[in-house]
Amino acid sequence: MATLGIPQNTIAVLQKYHFNFQKKFGQNFLIDTHVLEKIIDAAGITKEDFVLEIGPGIGTMTQYLCENAREVTAVEIDQNLIPILEDTLSAYDNVTVINEDILKLDIAELARERNGGAPIKVVANLPYYITTPIIMGLFESHVPIDSITVMVQKEVADRMQVGPGTKDYGALSLAVQYYAKPEIVANVPPNCFMPRPNVGSAVIRLTRHEKSPVDVEDEKLMFSIIRASFNQRRKTLANGLNNSPEIHLPKEVIQESIEELGVPVTIRGEALTLEQFAAFANIIKKKMKK
Ligand code: SAM
């Protein structure tokens with residue numbers, strides 16, 4: 001099968017199967033071999049690796065993954081793509097296609113079955129409408145992950161990478177950086193896709209930390225605090241927490257905890273680093289125990 005990264009080959013496959021793009025599944029297929037090579041390169045795939053691909057489409061990136069990995073499992077929601085994938089991947093015996101919604105699949109079980117529970121690599125040109133639930137789901141569930149290399153909306157890639165003091169900084173930045181080291185490896189313009197999306201895209205590699213960069217006693221509490229402080233961006237940290245249904249502490253105790261952290265009581269959550277959120281969660285935890 002000729003490489004699908006060349007636009008004429010993608011067009012030929014789409015015509016052969018009278019394929020209609022489904023907007024609701026975020027279908028924008030890659031048609032640029034340089035971008036495909038860059039993704040494979042950034043993901044650092046070797047013949048030792050088990051790779052999970054989310055949303056293979058017509059199999060454009062899957063072909064590259066099959067060439068480079070030991071084994072590939074590709075999960076595609078659109079059943080109209082399944083016969084196409086059988087055709088475009090027929091040359092490979094190291095790939096399994098699963099027709100399922102990735103959000104409903106037990107990925108930890110898949111990693112156990114196919115990779116003996118060892119860390120897997122995830123590679124995807126993600127459907128943009130579910131980028132955050134997919135990435136957070138992978139980190140929060142106990143799936144052994146080595147790295148996630150994904151194409152996302154440019155703005156989302158920026159949000160994952162930035163620190164305090166920028167407008168893009170938020171709950172997603174903190175969650176991603178708690179679990180992994182983010183690195184944008186390429187910016188990808190709309191003309192690299194068919195059909196063209198309305199937004200710019202970027203490839204980002206998230207390398208899972210072996211050990212968490214901060215010590216936090218109660219992860220869940222820290223994320224409740226983070227969510228509460230970014231839900232109301234213009235409010236101070238104290239007011240944000242006071243209005244949160246998840247934190248049950250009197251305002252004075254919240255203010256006291258902020259002072260203990262060593263920052264002004266009027267500080268906004270968006271000014272705190274991950275280390276400060278972790279330290280703050282540990283202080284609040286102690287007060288809750290009292
Ligand atoms: N990987 C292909 C490429 O690079 O050309 C296609 C990428 S396209 C942006 C996203 C793909 O994800 C589509 O094939 C779409 O049908 C699939 N998809 C959308 N939602 C999904 C879900 N919940 N679970 C699995 N696949 C999904």
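Begin with the second largest pocket, which has a volume of about 230 Å³. A pocket here is an open set of points on a 1 Å grid over the protein atoms alone, where a 1.4 Å probe fits, with protein on both sides within 12 Å along at least five of seven lines; lining residues have an atom within 4 Å of a point. Grid points are joined across faces, edges and corners, and a volume is the space filled by probe spheres set on the points.

This is a predicted model, in which local features need pLDDT of at least 70 and side-chain atom pairs count only at pLDDT 80 or more, while totals for chains, interfaces and linings use all residues. Residues are numbered from 1 along each chain as its sequence is written, and side-chain values use heavy atoms, with hydrogens and water left out.

**Second largest pocket.** Select Thr 132, Met 136, Glu 140, Ala 171, Leu 172, Ala 175, Tyr 179, Glu 219, Lys 220, Phe 223, Ile 226 and Arg 227 to show the lining. Helices H6 (131-140), H8 (171-179) and H9 (219-231) each supply at least two of the lining residues. H9 gives the largest share, five residues. Helices (H or I, at least four residues) and strands (E, at least two) are DSSP runs, numbered from the N terminus. By class, the lining has seven nonpolar, one polar and four charged residues. In this count Ala, Val, Leu, Ile, Met, Phe, Trp, Tyr, Cys and Pro are nonpolar, Asp, Glu, Lys and Arg are charged, and the others, Gly among them, are polar.

**Largest pocket.** Move to the largest pocket, which holds about 670 Å³ of space. It is lined by 36 residues, and those closest to its centre are Phe 25, Gly 26, Gln 27, Asn 28 and Pro 127. Strands E1 (29-30), E2 (50-54) and E3 (71-76) and helix H3 (60-68) each contribute at least two residues to this lining. Its residues divide into 19 nonpolar, 10 polar and seven charged.

**The sheet.** Colour the strands next. Seven of them form an open sheet of mixed pairing, in the order E4-E3-E2-E5-E6-E9-E7. Strands pair if DSSP finds at least two bridges between them. At the edges are E4 (95-99) and E7 (180-188), each pairing on one side only. Neighbouring strands are turned by 15 degrees against each other on average, direction ignored. Zoom in on E3 and E4, which pair in the parallel sense over five bridges; Ala 74 stands opposite Val 97 in E4.

Now show helix H5 (residues 107-115), which lies across E2, E3, E4 and E5 (120-125) and runs at about 145 degrees to E2. Axes are lines fitted to C-alpha atoms, for helices over the stretch in contact (heavy atoms within 4.5 Å). Angles run from 0 to 180 degrees between N-to-C directions.

**A salt bridge.** Select Glu 155 and Arg 159, which form a salt bridge with the closest N and O atoms 3.8 Å apart. The term means a side-chain nitrogen of Lys or Arg within 4 Å of a carboxyl oxygen of Asp or Glu. Both residues lie in helix H7 (residues 154-161), four residues apart, about one turn of the helix. The whole structure has 13 salt bridges.

Pro 195 is in the loop between E8 (193-194) and E9 (201-208), and the peptide bond from Met 194 to Pro 195 is cis, with omega near -10 degrees. His 18, in the loop between H1 (7-16) and E1, has a positive phi of about 45 degrees although it is not a glycine.

Finish at Asp 32, in the loop between E1 and H2 (33-43). Asp 32 touches Gly 5 and Cys 192, not counting residues up to four places away in sequence. The C-alpha atoms of Asp 32 and Ile 6 are separated by 6.4 Å, with the two residues 26 apart along the chain.
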